[in-house]
Amino acid sequence: MPDHAAPLDLLVLPSYLVPVEPAGVVLRDHALGVRDGVITIICPAEQARTLNAKQTLELPGMLLAPGLINAHGHAAMSLFRGLADDLPLMTWLQEHIWPAEGQWVNEDFVRCGTELAVAEQVLGGITSSADMYFYPGIAAEVYHAAGVRAQISVPVIDFPVPGASDTASALRQGLRLHDELKNHPRLSVALGPHAPYTVNDDNLKQVRLLAEECDLNIHMHIHETAHEVQEALANTGQRPLARLAELGLLGPRLQAVHMTQISDDDLALLVESNTSVIHCPESNMKLASGFCPVERLWQAGVNVAIGTDGAASNNDLDLLGETRTAALLAKAVSGDATALDAHRALRMATLNGARALGLDAQIGSLEVGKQADMVAFDLSGLTQQPLYDPVSQLIYASSRDCVQHVWVAGKPLLSNRQLQRHDSSALRAAAQQWAERIRPR
């Protein structure tokens with residue numbers, strides 16, 4: 001049993017505390033206490049100041065919220081940031097990204113690119129991410145050392161990729177990594193079939209069987225473009241989501257990334273199966289892939305989380321900015337100014353992401369008993385004044401530069417805007433070295 005008389009490890013006193021659950025709540029002049037990485041008390045600041053704590057942080061003008069959750073990305077692709085811009089998806093993939101990956105991606109590339117991405121994400125208040133890229137074991141080493149939380153998806157595709165000669169090899173790697181990480185407090189493994197058009201039925205059946213046997217999530221790009229759906233209809237007479245339903249892949253463990261094309265039948269399948277959708281608005285807009293109908297999904301009861309996608313197609317890993325874009329885009333797509341209000345947008349970037357990853361009992365909201373994954377945003381700047389609704393001001397008037405402190409399980413990863421586990425100068429130099437090698441001559 002915990003010793004409630006023992007001092008708190010950390011006591012945080014922000015001007016505004018936004019727990020996310022209950023929904024729509026802003027606690028003013030409250031404090032949050034952490035012991036052994038877990039939130040143990042949330043109470044009025046006056047009461048909190050009588051408590052014994054090893055460290056007390058007064059955060060005037062700041063908003064304390066759950067750590068942001070980036071529910072889809074390709075971290076190591078940060079080293080391809082800006083390499084092939086202003087192109088449609090298939091041209092971007094087939095003529096630029098896939099050839100570049102074949103030439104340059106190796107273990108060193110993944111290590112450097114993932115380190116760069118993790119540092120960028122911590123600077124932006126992201127405490128958890130769902131990463132899908134090659135050499136997942138290398139990525140796991142980086143995430144472990146960085147102290148963040150991550151779901152690492154093992155890429156599954158019908159042709160050889162860096163680090164895996166075929167699907168069987170990729171799945172063996174995934175199972176081995178799952179065995180290594182199954183007791184890890186912050187890291188987990190998922191299976192990542194790339195997309196319906198790059199993975200055949202037999203391999204998808206293998207993915208489903210292994211996911212069921214090992215209780216693994218499935219992370220997959222689905223209905224990213226109208227062309228993908230039209231091509232599937234022409235070739236098979238079936239929409240991709242219907243095919244996946246027949247193969248038994250839909251369900252709470254599936255994270256359906258993008259979903260810009262949703263018919264009434266698609267919506268019914270998502271609702272009935274309790275499948276989560278991961279919305280990546282800026283990547284979809286930049287590649288002209290389409291618009292996910294977030295408000296329609298939300299009103300139907302579908303869990304919608306948010307992701308940045310990779311820096312090669314975004315071009316940043318700014319989840320706060322992504323959330324603002326999502327809120328504005330939802331209003332334009334639905335024709336309803338009340339769609340995806342600021343509080344729901346923040347929920348999409350926190351608790352909904354946790355639910356998609358199967359972690360909503362541990363993270364995603366500031367509640368007693370949950371892990372202390374937290375971010376403090378400074379709302380005291382001139383550009384954020386006057387301040388009527390702190391959450392609206394966070395979503396609509398703030399940038400990731402206002403992130404001052406980040407904790408995962410109560411451990412500081414960013415303090416007063418200073419990274420605690422990364423050497424910024426070394427990361428910058430390493431990224432520049434890769435750019436010199438990769439830059440088209």
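**View 1. Aromatic pairs across the whole structure.** Searching this predicted model from end to end turns up four aromatic pairs. Let's zoom in on the pair made by phenylalanine 80 and phenylalanine 109. Their ring centres are 4.9 Å apart and their planes meet at 45°, so this pair counts as tilted.

**View 2. Where Phe80 and Phe109 come from.** Phenylalanine 80 belongs to the loop between β6 (68-73) and α2 (89-104), while phenylalanine 109 is part of helix α3 (residues 107-123). The two parts are 29 residues apart in sequence, so the pair ties them together.

**View 3. Tyr133 and Phe134, another tilted pair.** Here the rings of tyrosine 133 and phenylalanine 134 sit 4.6 Å centre to centre, with 45° between the planes. Tyrosine 133 is buried because its relative accessible area is 6%, under the 20% cut-off. Phenylalanine 134 comes in at 11%, so it is buried as well.

**View 4. An aromatic cluster, plus an arginine.** Back to Phe80 and Phe109: together with Trp434, they form one aromatic cluster. Which residue lies over the face of tryptophan 434? That's arginine 437, at 4.2 Å from the ring centre.

**View 5. Arginine over tryptophan 298.** In this close-up, look for arginine 344, which lies over the face of tryptophan 298. The distance to the ring centre is 5.0 Å.

Terms used:
Residues are numbered from 1 along each chain as its sequence is written. This is a predicted model: local features need pLDDT of at least 70, side-chain atom pairs count only at pLDDT 80 or more; totals for chains, interfaces and linings use all residues. Side-chain values use heavy atoms; hydrogens and water are left out. Rings of Phe, Tyr and Trp (its six-membered ring) pair if their centres lie within 6.5 Å; planes under 30 degrees apart count as stacked, over 60 as edge-to-face and the rest as tilted. Helices (H or I, at least four residues) and strands (E, at least two) are DSSP runs, numbered from the N terminus. Buried means under 20% relative accessible area, exposed over 50%, partly exposed in between (1.4 Å probe, protein chains only). A charge sits over a ring if NZ of Lys or CZ of Arg is within 6 Å of the ring centre and within 35 degrees of the ring normal.
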